[in-house]
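This report covers a pocket, the residues around it, salt bridges, strand pairing and backbone geometry. The chain it describes is shown here.

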Amino acid sequence: MKNKIEIEKCAVCGQMVTVRSDRVNECQHCGWIVAAQAAEQPNIIAIPNFISLNKAQQLYQAGKPLIPDYDDFIKMLDFYGEVEFRYNGIRYGVATNLGDDGKYYIELFIVDGEVVCKYLTLEEFAAKANINGVLLKDLWPQVTNADWLQ
């Protein structure tokens with residue numbers, strides 16, 4: 001089957017984007033990744049994007065980068081269950097894991113390292129997750145590379 005190639009208008013910035021069926025298609029102008037689900041559900045955060053289509057349009061119009069804030073990151077975690085970010089040069093992951101006690105926990109951990117903290121619910125994680133006693137939501141402005149865990 002031959003790969004399908006089309007030209008589409010970016011849903012965020014309005015520029016023309018080459019879309020190929022065999023790869024992820026990122027707009028060269030604004031960084032939005034063309035995804036059918038985003039157009040169908042513009043308020044939902046879903047792979048491959050880190051923010052919703054409606055929020056991306058608002059950020060673009062305001063001249064701001066298309067990066068997730070803390071609430072977006074929590075929505076990413078809720079959607080996929082595994083996310084990551086960098087803080088002070090350290091790569092952290094967040095995932096739901098089965099504990100030794102048979103309960104599922106949302107764990108914040110250093111990738112290839114130890115668990116930093118763990119919580120029973122997404123709401124508890126969002127409110128209490130911390131690195132060295134400082135809440136993740138307060139550290140968020142210094143966080144980089146928020147992504148789906150790889």
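## Pocket, contacts and backbone

The largest pocket has 13 lining residues, and those nearest its centre are Ile-67, Pro-68, Val-143, Asn-145 and Ala-146. The model is a predicted one, in which local features need pLDDT of at least 70, side-chain atom pairs count only at pLDDT 80 or more, and totals for chains, interfaces and linings use all residues. Residues are numbered from 1 along each chain as its sequence is written, and side-chain values use heavy atoms, with hydrogens and water left out.

The search for such spaces rests on a simple idea: rolling a probe the size of a water molecule over the atoms shows where empty space is left. On a 1 Å grid over the protein atoms alone, a pocket is an open set of points where a 1.4 Å probe fits, with protein on both sides within 12 Å along at least five of seven lines; a lining residue has an atom within 4 Å of a point. A volume is the space filled by probe spheres set on the points, which are joined across faces, edges and corners. For the largest pocket this volume is about 280 Å³.

Helices (H or I, at least four residues) and strands (E, at least two) are DSSP runs numbered from the N terminus. Helix α2 (53–61) and strand β9 (144–148) each supply at least two residues of the pocket lining. The most comes from β9, with four residues. By class, the lining holds seven nonpolar, two polar and four charged residues. In this scheme Ala, Val, Leu, Ile, Met, Phe, Trp, Tyr, Cys and Pro are nonpolar, Asp, Glu, Lys and Arg are charged, and the others, Gly among them, are polar.

Phe-50 lies in the loop between α1 (36–40) and α2. Its relative accessible area is 22%, so Phe-50 counts as partly exposed (buried is under 20%, exposed over 50%, partly exposed in between, with a 1.4 Å probe and protein chains only). Leaving aside neighbours within four places in sequence, Phe-50 is in contact (heavy atoms within 4.5 Å) with Ile-45, Pro-68, Asp-72, Met-76, Ala-146, Asp-147 and Trp-148. Pro-68 and Ala-146 are also among the residues nearest the centre of the largest pocket. Between Phe-50 and Ala-36 there are 15 Å, C-alpha to C-alpha, at a sequence separation of 14 residues.

The salt bridges come next. A salt bridge is a side-chain nitrogen of Lys or Arg within 4 Å of a carboxyl oxygen of Asp or Glu. The count by this rule is four.

| Salt bridge | N to O distance |
|---|---|
| Lys-55 and Asp-69 | 2.6 Å |
| Arg-91 and Glu-84 | 2.9 Å |
| Glu-124 and Lys-128 | 3.8 Å |

Lys-55 is buried at 18% relative accessible area, whereas Asp-69 is partly exposed at 30%. Together with Asp-72, Lys-55 and Asp-69 are linked in a network of salt bridges.

In the second pair, Glu-84 is buried at 10% relative accessible area, and Arg-91 is partly exposed at 22%. Glu-124 and Lys-128 are four residues apart in helix α4 (residues 122–128), so about one helical turn separates them. Glu-124 is partly exposed at 27%, as is Lys-128 at 46%.

Strands pair if DSSP finds at least two bridges between them. Strands β3 (residues 82–87) and β4 (residues 90–98) run antiparallel and are joined by six bridges. β3 also pairs with β9, again in the antiparallel sense, over three bridges. Arg-86 has Arg-91 as its bridge partner in β4 and Thr-144 as its partner in β9.

Most residues other than glycine have a negative phi, and most peptide bonds are trans. The hairpin of β3 and β4 has two residues between the strands, and Asn-88 there takes a positive phi near 50°. Asn-132, in the loop between β7 (130–131) and β8 (134–135), has a positive phi of about 55° and is exposed at 75% relative accessible area. In strand β9, Asn-145 has a positive phi near 55° and is exposed at 52%. The peptide bond from Ile-47 to Pro-48 is cis, with omega near 15°, and Pro-48 sits in the loop between α1 and α2.
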